[in-house]
Amino acid sequence: MNARDMARRIGRLGLVSLGLVASACGGMNQADAREAAALTGGDPSRGPDLMRKYGCQSCHTVPGVVGANGLVGPPLAGIASRSYIAGVLPNAPDNMLAWIRDPKSVDPKTAMPNTGVTPSDARHIAAYLYTLK
C-alpha cells in the first residue's frame with residue numbers, strides 16, 4: 001500500500017470515528033453545540049463523560065450518555081426546551097449551573113444530591129444539557 005492509499009484509509013477512519021462520537025453525543029448538531037457553548041461557556045462534547053463521572057446516569061435517563069437509564073430522577077431528554085429546572089427555577093444558564101453544582105441550595109427538599117461538580121465541569125454538563133431539545 002502506498003502513502004496516498006494509507007492517508008485515504010486513515011482519513012476514512014477519522015470520519016467514521018467522528019460519526020461515532022456524534023452518535024454517542026445524542027446526535028448533537030453543530031448549531032446546537034455552538035449555541036449551548038455560547039450560553040454556558042462550556043464544551044458540550046465533554047458533558048456525557050462528565051455526567052458519567054459524577055454518577056448522573058444512576059438517577060437519570062440521558063440521551064447520549066452510556067448507561068444513563070436511571071428512573072429515580074426525571075429523564076433529561078428535551079431539558080433545553082423546558083420552562084423550568086427541577087420545577088422551581090426558570091430554565092436559564094445561570095440557574096442550570098446553580099442546580100448542577102448545589103441542588104440543595106435551590107431546594108433543600110430535593111432528592112438530587114450534591115455530587116461535588118466543579119464550576120468548570122458544571123459548565124460542560126450544562127452545555128450538553130442545552131443540546132437536548
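Threonine 110 is found in the loop between α5 (103-106) and α6, where helices (H or I, at least four residues) and strands (E, at least two) are DSSP runs numbered from the N terminus. The model is predicted, so that local features need pLDDT of at least 70 and side-chain atom pairs count only at pLDDT 80 or more, while totals for chains, interfaces and linings use all residues. Residues are numbered from 1 along each chain as its sequence is written, and side-chain values use heavy atoms, with hydrogens and water left out.

Threonine 110 is buried, with a relative accessible area of 13%; buried means under 20% relative accessible area, exposed over 50% and partly exposed in between (1.4 Å probe, protein chains only). Not counting residues up to four places away in sequence, threonine 110 touches Trp99, Pro103 and Lys104, a contact being heavy atoms within 4.5 Å.

Apart from neighbours within four places in sequence, methionine 51 is in contact with Cys56, Gln57, Val62, Val65, Leu76, Ile125, Tyr128 and Leu129. In soluble globular proteins, nonpolar side chains tend to be buried together.
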